[in-house]
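Subject: The structure to look through

Hi,

Here is the structure I said I'd pass on. Have it open while you read, and my notes follow just below.

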Amino acid sequence: VAATSTTSTPQVRVLSGAEEAQATFLGVFTRAGQPGERLLVIDMGGRSTELILGEDGGILADLSLPLGHLRESSLSPEDEVRAALSAADAQRFSAASVDRVVVTAGTALTLTHMAALARGEHGEERHGRAATFEELAAVAERLNTLPLEARRALPGYDLRRERSLSRGASTLVALWRALGVSRVVACEAGLREGLIAARRRG
């Protein structure tokens with residue numbers, strides 16, 4: 001949803017899927033991209049996950065998948081990803097075709113932050129953290145196998161996401177594996193920042 005205003009009354013307009021993808025990519029690229037760099041942005045929400053491929057602030061392709069940290073499924077995360085992502089789309093959004101993979105939204109930011117802290121980094125800043133697939137998979141494994149109190153003691157564990165973090169982490173790792181992701185960088189910017197950037201561009 002985007003809010004616009006006139007001299008009298010604010011107006012609210014519902015964004016199309018394409019507009020939301022464009023704004024999210026622009027927000028990420030403005031904060032974390034470099035000129036000429038091709039990015040794959042992965043944005044997991046509660047009910048869906050967006051794959052956005054683009055460069056120089058503009059998108060080349062986008063895809064919405066029925067994968068989210070609040071979705072309930074009888075399938076394993078690996079089977080859920082296989083059911084949602086076709087072989088053709090896995091190839092089209094392959095990490096091998098981009099310069100960097102950037103993740104945004106809470107579950108991915110938390111997982112990347114936890115991986116960085118487990119590696120020995122310090123601080124609460126989540127933006128700009130980087131982690132390899134192996135580091136992220138190890139965190140997801142701990143989230144899904146350790147007893148509750150041990151999970152809560154992990155550096156960077158977010159109690160606000162306790163209900164969905166373990167499942168969301170496993171689904172993200174399964175998706176990253178399917179796309180051939182070897183390393184991700186976290187970005188706190190997204191849709192809101194993209195809408196602001198687009199408005200400034202006029």
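Helices here are DSSP runs of H or I with at least four residues, strands are runs of E with at least two, and both are numbered from the N terminus.

Before going on, a word on what you're looking at. This is a predicted model, so local features need pLDDT of at least 70 and side-chain atom pairs count only at pLDDT 80 or more, while totals for chains, interfaces and linings use all residues. Residues are numbered from 1 along each chain as its sequence is written, and side-chain values use heavy atoms, with hydrogens and water left out.

Back to S170. This residue counts as buried because its relative accessibility is 16%; buried means under 20% relative accessible area, exposed means over 50%, and partly exposed is in between (1.4 Å probe, protein chains only). Leaving aside neighbours within four places in sequence, S170 is in contact with P77, A140 and N144, where contact means heavy atoms within 4.5 Å. With N144 there is also a polar contact, side chain to side chain, at 2.7 Å. (A polar contact is a pair of N or O atoms within 3.5 Å; within protein, one must be able to donate a hydrogen and the other to accept it, and residues adjacent in sequence count only if both atoms are side-chain atoms.)

P77 turns up again in helix α2 (residues 77-84), whose buried residues are P77, E80 and V81. Seen down the axis of α2, they fall within an arc of 95°, so they line one face of the helix; the arc is that of the directions from the helix axis to the C-beta atoms. The face turned away from that buried side carries the exposed residues R82 and A83. Part of what covers the buried residues of α2 is α7 (165-178).

Now the overall picture. The protein has eight helices and eight strands, and 47% of its 202 residues count as buried. Of the contacts with a separation of 6 or more, 64% are between residues 24 or more positions apart.

Next, the sheet. Six strands make an open sheet with mixed pairing, in the order β5-β4-β3-β6-β8-β7. The edge strands, β5 (58-65) and β7 (130-132), each pair on one side only. Two strands pair if DSSP finds at least two bridges between them. In general, strands of a sheet pair through backbone hydrogen bonds, either parallel or antiparallel. Here you can find both: β4 (residues 49-55) and β5 are antiparallel over seven bridges, with G54 opposite I59 in β5, while β3 and β6 run parallel, joined by five bridges. D43 has T104 in β6 as its bridge partner. β6 and β8 also run parallel, with two bridges.

Two helices lie across this sheet. Helix α4 (residues 106-118) lies across β3 (38-44), β6, β7 and β8 (183-186), at about 115° to β6. Helix α5 (residues 133-145) lies across β7 and β8, at about 85° to β7. For these angles, axes are lines fitted to C-alpha atoms, for helices over the stretch in contact, and angles run from 0 to 180 degrees between N-to-C directions.

Four of the five residues of β6 are buried. The bridge partner of V103 in β8 is A186. W176 touches V103 in turn, and its other contacts include L111, F133 and L136, not counting residues up to four places away in sequence.

Last, the inside. A nonpolar core is a set of buried Ala, Val, Leu, Ile, Met, Phe, Trp, Tyr and Cys residues joined through side-chain atoms within 4.5 Å. The largest one has 42 residues, and those touching the most other members are I42, L51, L85, L143, L175, W176 and L179. Two or more residues come from each of β3, β4, β5, β6, α4, α5, α7 and β8, and α7 gives the most, with seven residues. A second, separate core of 11 residues includes F29, A32, V102 and A189.

Happy browsing!
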